[in-house]
Structures are given as C-alpha cells and as structure tokens.
Amino acid sequence: MTQSAPIAEKQLPKIEAPVPAECSFLFTPEALAFVGALVERFGERRDHLLVKRAARQLAFDKGTMPDFNAETKAIREGDWTVAPIPADLLDRRVEITGPAEPKMIINALNSGAKVFMADLEDSLSPTWEKLVEGQKALYDASRGTLAYSSPEGKSYALNASGLATLIVRPRGWHLPERHVTFNNKPIPGALLDFGLYFFHSAAERVARGTGPYFYLAKQESAEEAQLWADVFAFAEDYISMPRGTIKATVLIEVITATFEMHEILHALKDYAVGLNCGRWDYIFSVIKKFHALPEFVMPDRSQVGMGVHFLNSYSQLLIQTCHKRGAFAMGGMSAFIPVKNDEAANEKAFAAVRADKEREAMNGHDGTWVAHPGLIPVAMEVFDRVMPQPNQRDNLRLDVQVSAQDLLTIPKGTITEAGVRNSLSVAIQYTAHWLNGMGCVPLFNLMEDAATAEISRSQLWQWMHHKAKLESGEEITEQLLVRLAEEEMATIRATVGEEQFNAVPYTRAHALIMRMTIDPEYVEFLTLPAYEVLSA
C-alpha cells in the first residue's frame, strides 16, 4: 500500500486503552497513519457539521419547518443516475443485520440472506473491547478465515460458498471514540471504524470479487453525505484504488435527510448504490427534531407503524427517488423475532413480519431487513413471489406525489399507561444491557437496539414536558413517571431474578433514563451520556 507521506513524518493517533494481544496487528504504524490522515483532513469538517446541526435545531425549536431546498431544485429535477452497481449488490431482496461480533458475523454470512450488514453502530455497545474484537472479526471474515468457539464448546465457521455479501456500518458522525486520540482529542468513531476496516480489507475484498461496501448511518444532509464522498475519494487515492470502488448505501433515518434524498445521492454519485428506510431512527428523529413543539407529540409507539401517513409518504418518496436515479430502495427492519415455546405468539409475529414485507415489496422496495435468521425464509418468500426479478428499479413510481406537509403529518392516537410502562421498561432494560456491553437486546418478543430505546426515552420526555394525558385523562407528570418507573424496576427484578439484576446495571440505567426524562433540556442522543458512563 502507498502512503501520502513517510510514517516518520506523521503524528500518529494515540491508543489510550489496552489492545488485546490477538488484535494488536490491527494497529500497525501504517494503519494508524491512515486513520490519522483521515482525522487530520476531515475531523474539523465533521466538527463544523455538528455545529451546523445544533444551529438548525435551534431553528426547529422556534417553529421553523424543513422543506425542499429551492437552491438545489436543479439537482432534484436533473437527468442523472448513480454509477453502475456491482454484480454482488444487484439482488438484495433480504438483508440481515446485527452487531459485528464473531458468532453473529458467521451465522449471518451463512444464513442464506443476500447481504449481511455488520454493525459497528446501533446494535453494538461501543466498549473498546467490542470494537477492537469486531474489527478483528471483520478482518478474518474478509479473508474467509473467521471461526468462533462458544463458552459451551460449540464451534462456528464460515461456509465454503454461498456467503451473504458483507456490508459494514460505521458509527454516525456524532459519536466520538475516547480510546483513540489525535492532538489530545478523541477522534470521530466513524473515521476509526471506516479507517481500520478499509485499510486492512479493502484490497482483499476486491481480490475476492466483491468490494469495500458500507452503510452510512444518521446522515442529516447532503453536505454530510459529501463529507463521506470526500473521505471515500481520499481513501481510494491513499491506497491507489480506482475511484468508485467503494460503494455505500445511505440510511435515511433523519427527517431532514428526506428533504435532500436526491441531493444525498448526487453528492455520493460515484459511490451510492441506494437508500434505506431506517424506520425506527426515523421515528426517533421526528420526535427529536421537533421535541419543543407540542403539536408533534406522538401516541404510543405501537400505534406508529409504517402505514401511518408520514411514514408511508417517506417510504414511497424514497422508492421514487432511488428508482429515478438507478439506485436501490431498501425497506426497513421489522422488530419482531421468533417466539420460542409459544406457537400462537410466534405465528402472530410471523404474520406481522409477512404483512410488513408484502407492503414493502408491493410498494416497490428492492429488498428488506430482518434481525433474526429465522425470519429470512418469511421475507424471502414474499420478495420471491412479488419480485421474481433481481430488483425492481424499473418501477419508477411516477404516481407518487409527496409534499412537505405529508412528511410532517403526525398520527393521532392514544397514550396508554401500558404504553408508558413499556417505554420505561424498554429504555431502562436496553440501556442496562448496553452499559453491560450488549447492543442488541430481545425484549417483549421484539429485537431492540439503540434506535428503539431512543424512541422510548424520547417519548417519555415529550409526554411529560408537554403535559400529555393518558387515555384515562390523567396527566403524565414527573411524579407519575417516577412511580411507574419504580414499579417497572420491581417487575424487572422479579422477572430476571436477584442474581441477574445485580449483574446487569439496571440501577444505573434507571437513574440515567429518569435524569434525561426529567431534565428540562432534551438530550439529543441517549448514547452520548451513556457512552460517558460506558467508557469511564
């Protein structure tokens, strides 16, 4: 590989935590020089974009609403497409996602899904150990050598053929990595995640007939997407790789990005292969961006499904946008998972997943996400039946007409005590497991990750600070939430048992969630204060 300057002339990032011996090869001077070059060149731009996010939030707090940008109308109306899509990304009908952990990576790549998204973001608790072990697992998986032995003695290995295509999701721009510093400052987690994987495995992926593919999380604007495009171009030049070798799918999981989907694809035109409906983060983003406005108070999470107007509008506009540009329109994640030892509940879950995937396929999505291998056959059957061809990018959905108002129409519904209790329990339990190093947690027959925990704790804040009322007429007050949270803590203790309750930091999670709920200032991301606890 080539470097832009001799290593001796470069200041290298500093590792502030022990690196397991078996992972030390990841942090060679050459690899650190590349990560340092990324931070040196792009770190300030990333910081500036976070400042712009904060300024835009102040405008939302005062009632300003997002809209389609008149200055970029020519991009939206222009006749252009994204670059050609590699062969191993032309059929993405079922993608499985999960944390970048050895066992998960092996099972997912072997699962029969078309694509596996190895997650370094919402479903991975970003402990230093998890992140480093995840990078090693990705290194081994890229070379077909990944193996794992469970504590129970069960062995796992990659199949010789038929593996899913690997895509890696780095952390979002907002998340820091405190265990690696540059100029005495924590570096952006996204640049560490991208940098290590790309440096070590990009050429290997190409040699094996695939490529360095990425999912880009929590992009809020075309300007943020342009930053990724420039990172990609720099990285390709750094190792003398042809421009456009990297391919990226952008998660549209922030409402502001929905108004700039054409512009995001245009910014990443050499690299983009599609957009994805990141539905749970999207719901969270609507609550977050408009948390100061009482007219954006939402009902129970269970009442906010993809059939409601603002979500259906977002999904269909995404399909139309992608297909106009020759890109993939990926569906989102149904949170249902198989239910053991309860046939009726299991069939109900499968029916819900089947209906969700049928809606996506019929609307024109080119594929969808599942969180559990047991759901791959359900989703695959639906897309095989509705979409016998590899994709349906030729379905241009010219009938779709979506206005800014369509994207901002909040569903009516009720807030129930059961819904409040569920939000408290999910937020506390997920945060407790996250603090304990687990980022993907099955709760109440749903697979919860950081996005659904964010919805839960954000709704609690929204309901209390806007004096929302339960369907019984009782106002949701601090006193009510404190009482219900204590009762939910007692239920958790009784359910998991004393030993498990003491082994998992439920008490710390309870204190964190209640502090964030009661605080008059809305906290933008649960994972930021939680990371301070996690990495202390």
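## Charges over rings

The charged end of Arg 325 is placed over the ring of Trp 80, at 4.0 Å from its centre. A charge sits over a ring if NZ of Lys or CZ of Arg is within 6 Å of the ring centre and within 35 degrees of the ring normal. Arg 301 likewise lies over the face of Trp 280, 5.2 Å from the ring centre.

## Basis of the model

The model is predicted: local features need pLDDT of at least 70 and side-chain atom pairs count only at pLDDT 80 or more, while totals for chains, interfaces and linings use all residues. Residues are numbered from 1 along each chain as its sequence is written, and side-chain values use heavy atoms, with hydrogens and water left out.

## Aromatic pairs

The structure holds 26 aromatic pairs. Rings of Phe, Tyr and Trp (its six-membered ring) pair if their centres lie within 6.5 Å; planes under 30 degrees apart count as stacked, over 60 as edge-to-face and the rest as tilted. Phe 42 and Phe 234 form an edge-to-face pair, because their ring centres are 5.7 Å apart and their planes stand at 80 degrees. Since Phe 42 belongs to helix α1 (residues 29-61) and Phe 234 to helix α6 (residues 222-238), the pair ties together parts that are 192 residues apart in sequence. Both Phe 42 and Phe 234 are buried, where buried means under 20% relative accessible area (1.4 Å probe, protein chains only).

Phe 501 and Tyr 506 form a stacked pair, with 5.2 Å from centre to centre and 10 degrees between the planes. Phe 501 counts as buried at 5% relative accessibility, and Tyr 506 counts as buried at 1%.

## A buried glutamine

Gln 135 is located in helix α4 (residues 128-142). With a relative accessibility of 6%, Gln 135 counts as buried. Leaving aside residues up to four places away in sequence, Gln 135 touches Leu 26, Leu 120, Leu 192, Asp 193, Leu 196 and Tyr 197; contact means heavy atoms within 4.5 Å.

## The chain as a whole

The protein chain contains 19 helices and 15 strands; helices (H or I, at least four residues) and strands (E, at least two) are DSSP runs, numbered from the N terminus. Of its 536 residues, 60% count as buried. Along the principal axes, the C-alpha trace of the protein chain spans about 65 × 55 × 50 Å.

How values were computed: Buried < 20%, exposed > 50% of the residue type's maximum accessible area, 1.4 Å probe, protein only.
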